[in-house]
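Subject: Model handover and findings

Hello,

Here is the model for your files. Please open it alongside this note.

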Amino acid sequence: MAKSEATSVNRKSDIISAAIEVFAEVGYFRATTAQVAERAKISQPYVFRFFATKETLLLAALEASWSRVIESFRQVVETTSPELLETKLIQEYVNIQAMYQNEMLLQMQAQTIREESIQQTMCNAYKDIRNMILVAFRDAGMENAEERAMLFLARGVLCNVAVAINLPELMKG
């Protein structure tokens, strides 16, 4: 990869990271691309060089955050024994939440945004995770794999709520 291509990829990544922070802090609808540019330490027109609209920037931010979750879960599924699978997946999600809290807050916001492209991105991500977990639980020989996969996802959503409203008691049990 040429140096200018690498710099371009890094700048795009910087913009996405800044957008995740700004969207999580002030909300997608209140956030501006000027705030994102300021956080990324670039000009606003440079943001638009990579992202034509704030919505395309949100979609890129969501893709980055969901890719992190999916790849992390994939690694756990591929490297964990069946008897430890569910526990290790839960631990991995707790780690993701701790390290990437803004991404979780961004995903929670996106669940309420009615734009079709955003809803589709959210649906696709949840479907991908559900399918991966369900297949992994079935392959591990777990009884009631569908119910356990659903409960795993429900627990993750509840954990997100607990983090968002600072009520850690919701995650106990």
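Below is what turned up, from the overall fold down to single residues.

**Ground rules**

This is a predicted model, so to speak of local features requires pLDDT of at least 70, side-chain atom pairs count only at pLDDT 80 or more, and totals for chains, interfaces and linings use all residues. Residues are numbered from 1 along each chain as its sequence is written, and side-chain values use heavy atoms, with hydrogens and water left out.

**Overall fold**

The protein has eight helices and zero strands. Helices (H or I, at least four residues) and strands (E, at least two) are DSSP runs, numbered from the N terminus. The order from the N terminus is α-α-α-α-α-α-α-α. Along the principal axes, the C-alpha atoms fill a box of roughly 55 × 40 × 30 Å.

The protein has 173 residues, and 38% of them count as buried. Buried means under 20% relative accessible area, exposed means over 50%, and partly exposed lies in between (1.4 Å probe, protein chains only). Take the contacts with a separation of 6 or more: residues 24 or more positions apart account for 61% of them. Contact here means heavy atoms within 4.5 Å.

**Core**

The largest nonpolar core has 49 residues. Such a core is a set of buried Ala, Val, Leu, Ile, Met, Phe, Trp, Tyr and Cys residues joined through side-chain atoms within 4.5 Å. I15, F23, L57, F73 and F137 have the most contacts inside the core. Helices 1, 2 (33-40), 3 (44-50), 4, 5, 6, 7 and 8 each supply at least two of its residues. Helix 4 gives the largest share, 11 residues. In general, nonpolar side chains tend to be buried together in soluble globular proteins.

F73 is worth a look. Leaving aside neighbours within four places in sequence, F73 is in contact with L89, E92, Y93, I96, I129, M132, I133 and F152.

**Cavity**

How many cavities of 30 Å³ or more are there? The count comes to one. A cavity is a set of points, on a 1 Å grid over the protein atoms alone, where a 1.4 Å probe fits but cannot get out; a pocket is an open set with protein on both sides within 12 Å along at least five of seven lines; lining residues have an atom within 4 Å of a point. Grid points are joined across faces, edges and corners, and a volume is the space filled by probe spheres set on the points.

The largest cavity holds about 190 Å³ of space. Its lining has 17 residues, and Y93, F152, L153, G156 and V157 lie nearest the centre. Helix 4, helix 5 (85-99), helix 7 (116-139) and helix 8 (145-164) each supply at least two lining residues. Helix 8 has the largest share, seven residues. By class, the cavity lining divides into 12 nonpolar, four polar and one charged. Ala, Val, Leu, Ile, Met, Phe, Trp, Tyr, Cys and Pro count as nonpolar, Asp, Glu, Lys and Arg as charged, and the others, Gly among them, as polar.

The largest pocket has about 170 Å³ of space. S13, I16, S17, I20, E21, A64, R68, M99, Y100, Q101, N102 and E103 line this pocket. Helix 1 (3-26), helix 4 (54-79) and helix 6 (101-110) are the elements that give two or more residues to the lining. Helix 1 gives the most, five residues. The pocket lining has five nonpolar, four polar and three charged residues.

**Cysteines**

A search of the whole structure finds zero disulfides. The test is a pair of cysteine sulfur atoms within 2.5 Å. C123 counts as partly exposed, because its relative accessibility is 39%. C159 counts as buried, at 8%.

**Single residues**

Two asparagines have positive phi. N144 has phi near 55° and sits in the loop between helix 7 and helix 8. N144 is exposed, at 54% relative accessible area. N166 also has a positive phi, about 55°, and lies in the segment after helix 8. N166 is exposed too, at 64%.

D14 is in helix 1 and is partly exposed, at 34%.

Best wishes
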